[in-house]
Structures are given as C-alpha cells and as structure tokens.
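The following explanation is intended to be read alongside the sequence and the coordinates. Please keep both in view while moving through the paragraphs.

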Amino acid sequence: MSATGVVAAACAGSVAWLTVGRDRGLWRVRAVLEGGAEAASGDAVWRRAVVFVGDRMRHEWWALVGGAVVALLGESVVPLALGAAGVPLIRRVRRAGDARLEGERRAAAVIALCGALAGEVRAGRQPGEALRAAAGGGLGEARAGVLAAARFGGDVPGALEEAAREPGARGLLGLAACWRVAVDRGAGLAAGLERLEGALRAERDQRADLRAQLAGARSTAVMLAGLPVLGLLMGSALGASPLRVLLHSGAGLGCLAVGGALEGAGVWWALRIVRGAEER
C-alpha cells in the first residue's frame, strides 16, 4: 500500500470513528422515541451492531486492533505482538481509573450521608433511627452490618470503622468518632456531623482543584507521547516508508526498541510526578 493510501485510510478511519461516536447517542434516542421502527432496515441493524461492539469491547482491546492494522500495513508481526503486550497494561490503567472513580463516588456518598444524618438528628430522631433513615451508598458493602448494629444496639462505631476500609470511605472514621463521642459523653451529634460534612466537602473541593491544575501537565505528557505516531504519519505522507525501515531492518528494530523503552519511561515518570503531587 502506498504512503498516500496509508494516510487516506487513517483519515477515513478517524472520520468514521468520530461519526459513529457522534451518532451513537442520537441513534439511541431515536430508537427509544420511535419504538424501534427502524429495526427492519439494514442501516438500523448496522448501527445496532456498532453500538453493541462499542459498548462491550473494552478499551484495552483496541490496542490489539491497532496493532493488527499496523501489522497489516507494515507486513510484520511485531506491531501485533506489541499490541497484544499492551492489552494487560491498558487493562491495569483502566481498572485503576475505575477504582479511582468509584472511590470518588463513595466519598461523595459519605458526605451526603453525614449531611442527611445530621438533618435527621436535628429533626428529633434518635441516632440509631436516624442512621437507618439516612443510610445510603456511603456505607458500601458494610451497610447491612452497620444498620444491624444500629437496630439492635451493637457496636456502631466499630461497624463504621470496618466500612471505612473501603476505597473512598475514609470519612466514615470521622462519623465513627462523632458517634462514639456523642454516645459516650453526651455531646451533640448533629453539630459534630455538620462540622465533619464541611471538612470532608472542603477536602474534596481541594482535591478537585488540585486535579484541575494538574490536568494540563497530564495532557502535555500524553500529547508528547503521541508525537512519534505523528512523525510516522508525516514520514509516510512524504514517501519515506518509515514502517518498512522500522520493522524490516536491524537498525530500525533497534531504534524501535530503544525509542519505545524511552517513550514508556518518560510517560511513566511524568505521570508518576503528577500522581505524587495529587497524593501529597
């Protein structure tokens, strides 16, 4: 395949992907509103198949697809092997991102729980009854144990501390402390919960602000990591056949190995700096 053909294929693939991604939501809305009237048409079947594959195909498998495409264009098995090796790495990154999002949702649920519990106590409910009325997603998998302890007079602070071990639920330690102080010393539970809610909300806003400030650095690192791909496309457009040089010569394979190692190390180091700043 000529260099012009490679560039044209890449551009056509990008346009098709953007078009499908843009039309996916519109197609779903149309299907709901029209009651599936387009199901008999070939276009509707094709769109449904695209949506089905897009929803169920994890992001990491696109590395294998991309490796297969480059392997066909470069007539080499090396890109396919690299794409297969990238699948577990991308899966690990995806799972870490999913865990972070779940932790953020759990933290928001804990804040909402503190506010709702404070409101129930202010309304005159007893602490155990208020906890049963306000309990939601903030308790996670330990919800049944906490509610059982609250219903039957068990160790509610201990159950809350157990629930706080889940990612994003660290705020339940403060709730357990407020509960223990209120029960043992007769202190006002509602006032303590309101202060705890304010502190947790301020901490969440601070993390969000820091993450927004670091988004530029993360985006820059990712953009710089994609520059070699742009160089390959430009070389193909100029007729230099960079894929053939990289995949079918000893010097090219050596450059590919060294460049890939340096690229991976650079991205890892940049993201490590960003993560370190977020953690501090």
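The account below begins with the overall fold and then turns to helix packing, individual residues, salt bridges and an aromatic pair.

The model is a predicted one. The protein chain contains twelve helices and zero strands, so that its pattern along the sequence reads α-α-α-α-α-α-α-α-α-α-α-α. Of the 280 residues in the protein chain, 26% are buried. When contacts between residues at least 6 apart in sequence are considered, 56% of them join residues at least 24 apart.

Two packed helices are described by the angle between their axes and the distance between the axes. Helix α6, residues 143-152, packs against α7 at an angle of about 170 degrees, and the two axes are 9 Å apart. Because angles over 145 degrees count as roughly antiparallel, α6 is roughly antiparallel to α7. On the α6 side the meeting residues are Gly145, Val146, Ala149 and Ala150, and on the α7 side they are Val156, Ala159 and Leu160.

Helix α7 also holds Pro157. Is this residue buried or exposed? Pro157 has a relative accessibility of 9% and therefore counts as buried, since the limit for burial is under 20%. Leaving aside residues up to four places away in sequence, Pro157 touches Ala176, Trp179 and Arg180. The C-alpha atoms of Pro157 and Trp179 lie 6.4 Å apart in space, although the two residues are separated by 22 residues in sequence.

Arg180, one of the residues touched by Pro157, also takes part in a salt bridge with Glu161, in which the closest N and O atoms are 3.3 Å apart. Glu161 belongs to helix α7 (residues 156-163) and Arg180 to helix α8 (residues 171-185), so this pair ties together parts that are 19 residues apart in sequence. Glu161 is partly exposed, at 32% relative accessibility, and Arg180 is likewise partly exposed, at 32%.

Side chains of opposite charge can pair when their charged atoms come close. The whole structure contains 15 salt bridges. One of them is a contact between Glu104 and Arg100, with an N to O distance of 3.0 Å. What is the sequence relation between Glu104 and Arg100 within their helix? Both lie in helix α4 (residues 78-122) and are four residues apart, about one turn of the helix. An α-helix has 3.6 residues a turn, so residues three or four places apart point the same way. Both partners are partly exposed: Glu104 has a relative accessibility of 31%, and Arg100 has a relative accessible area of 41%.

A further salt bridge joins Asp205 to Arg204, where the closest N and O atoms are 3.8 Å apart. Asp205 is partly exposed at 42% relative accessibility, and Arg204 is partly exposed with a relative accessible area of 29%. Elsewhere, salt bridges that share partners link Glu102, Arg105, Arg106 and Glu166 into one network.

Most residues other than glycine have a negative phi, and most peptide bonds are trans. Ser241, by contrast, has a positive phi, near 50 degrees. With 40% relative accessibility, Ser241 counts as partly exposed.

Does its span agree or disagree with what its 30 residues should give? At 1.5 Å a residue, helix α12 (residues 250-279) should span 44 Å, and its end C-alpha atoms are 43 Å apart, which agrees. Gly252, Val274 and Gly276 are buried in α12. The elements covering the buried residues of α12 include α9 (189-225) and α11 (242-247).

The structure holds one aromatic pair. Trp268 is partly exposed, with 47% relative accessibility, and Trp269 is partly exposed, with 46%.

Methods:
Residues are numbered from 1 along each chain as its sequence is written. This is a predicted model: local features need pLDDT of at least 70, side-chain atom pairs count only at pLDDT 80 or more; totals for chains, interfaces and linings use all residues. Side-chain values use heavy atoms; hydrogens and water are left out. Rings of Phe, Tyr and Trp (its six-membered ring) pair if their centres lie within 6.5 Å; planes under 30 degrees apart count as stacked, over 60 as edge-to-face and the rest as tilted. Buried means under 20% relative accessible area, exposed over 50%, partly exposed in between (1.4 Å probe, protein chains only). Helices (H or I, at least four residues) and strands (E, at least two) are DSSP runs, numbered from the N terminus. The expected span of a helix is 1.5 Å times one less than its number of residues. Contact means heavy atoms within 4.5 Å. A salt bridge is a side-chain nitrogen of Lys or Arg within 4 Å of a carboxyl oxygen of Asp or Glu. Axes are lines fitted to C-alpha atoms, for helices over the stretch in contact, and angles run from 0 to 180 degrees between N-to-C directions. Angles under 35 degrees count as roughly parallel, over 145 as roughly antiparallel, 65 to 115 as roughly perpendicular and the rest as oblique.
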